[in-house]
Amino acid sequence: MTTAIIIIAVALVAAAAVYFFLVRGGAGGGRGLRGRFGPEYDRVVARHNGDTKAAEHELGERVRRHGDLEKRPLTEAARAEYTARWARTQEQFVESPQQAVAEADALLADLARDRGFPAGESFEERADALSVHHARHVEGYRRVHSARDDGTGTEEMREAFVEARGLFDALLADGPAPRGHDNRQLTKGRGTS
C-alpha cells in the first residue's frame, strides 16, 4: 500500500513538472512563454488588458493544442510552385496592391495547410497554431490578413507584405527562414495611397 502511494505521488509530481515546463514555459513561468512567443506574448497580454495570468493561460492552451503538431514536408515541386506564386504576387503588388495583399493572405493559408497546420478553421485559429511554431513571424500574417479588406494605404500594405515574407520563408523552409530573400522590389520606399 505504501509503495503504491509513493508511486502515485511521484507520478503526480512528474506530471506537474511536465506541465510546468511544457505549458508554462519552464522556470519563471511567463519568462518561458515570453521567450517562446516574443512579440506575440506582448500582443496577447495587451489584448487581455495587461492581465499576464490570462494571457499566459491562453498561450499555454495554444501550446497544449498545437505544440505537438507535426509539420509535413513539402516536395521540391510544391516548394518551387509556392516560390513562383509568391514572386508573381510580389510583381502584382506594383499594379494592384490590394489584390496582391489578398493573394498573399490566401497563399500563406494554403502553404500553412500544406505544411500541416489547421485548415478550414477560423483565421484566428490558424494564426494561433502558427504562433506556437512561428511566433516571430505570425504578426506579418495578421497584418496581411487585416490589410486585405480594411482600406489600408499602399505603404501599410507594402510593410505588411514585406513582413509576411518572413512567415512565407519560415513555412517554405524545413528549418529557419532563409536569409537574403529577394524582397528588394517592395523594400524600396513607395508613397502611400
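Me: What should I know before reading the numbers?
Reply: This is a predicted model, in which local features need pLDDT of at least 70 and side-chain atom pairs count only at pLDDT 80 or more, while totals for chains, interfaces and linings use all residues. Residues are numbered from 1 along each chain as its sequence is written, and side-chain values use heavy atoms, with hydrogens and water left out.

Me: How many helices and strands are in the chain?
Reply: Helices (H or I, at least four residues) and strands (E, at least two) are DSSP runs, numbered from the N terminus. Here the chain has 10 helices and zero strands. Its pattern along the sequence is α-α-α-α-α-α-α-α-α-α.

Me: How is a pair of packed helices described?
Reply: Two packed helices are described by the angle between their axes and the distance between the axes. Axes are lines fitted to C-alpha atoms, for helices over the stretch in contact, and angles run from 0 to 180 degrees between N-to-C directions. Angles under 35 degrees count as roughly parallel, over 145 as roughly antiparallel, 65 to 115 as roughly perpendicular and the rest as oblique. In this model, the axes of helix 5 (residues 76-95) and helix 9 (residues 154-172) cross at roughly 175° and come within 12 Å. Helix 5 and helix 9 are therefore roughly antiparallel.

Me: Which residues of helix 5 and helix 9 meet?
Reply: Contact means heavy atoms within 4.5 Å. From helix 5 come R79, Y82, T83, W86, T89, Q90 and F93, and these meet T154, M157, R158, F161, A164, R165, F168 and L172 of helix 9. The residues of this contact between helix 5 and helix 9 divide into eight nonpolar, four polar and three charged. For these classes, Ala, Val, Leu, Ile, Met, Phe, Trp, Tyr, Cys and Pro count as nonpolar, Asp, Glu, Lys and Arg as charged, and the others, Gly among them, as polar.

Me: At what angle do helix 3 and helix 4 pack?
Reply: Helix 3 (residues 39-47) and helix 4 (residues 52-66) pack at about 125°, and their axes are 8 Å apart. That angle makes helix 3 oblique to helix 4. On the helix 3 side the contact uses E40, Y41, R43, V44, V45 and R47, and on the helix 4 side T52, A55, E56, E58, L59 and R62. By class, the contact of helix 3 with helix 4 has five nonpolar, one polar and six charged residues.

Me: Where is N49, and is it buried or exposed?
Reply: Buried means under 20% relative accessible area, exposed over 50%, and partly exposed in between (1.4 Å probe, protein chains only). N49 lies in the loop between helix 3 and helix 4. At 75% relative accessibility, N49 counts as exposed. Its phi is near 55°, a positive value in a residue other than glycine. Over the chain, buried residues make up 40% of the 193 residues.

Me: What is in the largest nonpolar core?
Reply: A nonpolar core is a set of buried Ala, Val, Leu, Ile, Met, Phe, Trp, Tyr and Cys residues joined through side-chain atoms within 4.5 Å. The largest one has 29 residues, and W86, L130 and F168 have the most contacts inside it. Helix 5, helix 6 (97-114), helix 7 (123-133), helix 8 (138-147) and helix 9 each supply at least two residues of this core. Another core, of 10 residues, lies apart from it, with V44, V45, A55 and A135 among them.

Me: How many residues of helix 7 are buried?
Reply: Helix 7 is mostly covered, with eight of its 11 residues buried. They are F123, R126, A127, D128, A129, L130, S131 and V132.

Me: Which residues does G140 touch?
Reply: G140 lies in helix 8 and, at 0% relative accessibility, counts as buried. Not counting residues up to four places away in sequence, G140 touches A160, E163 and A164.
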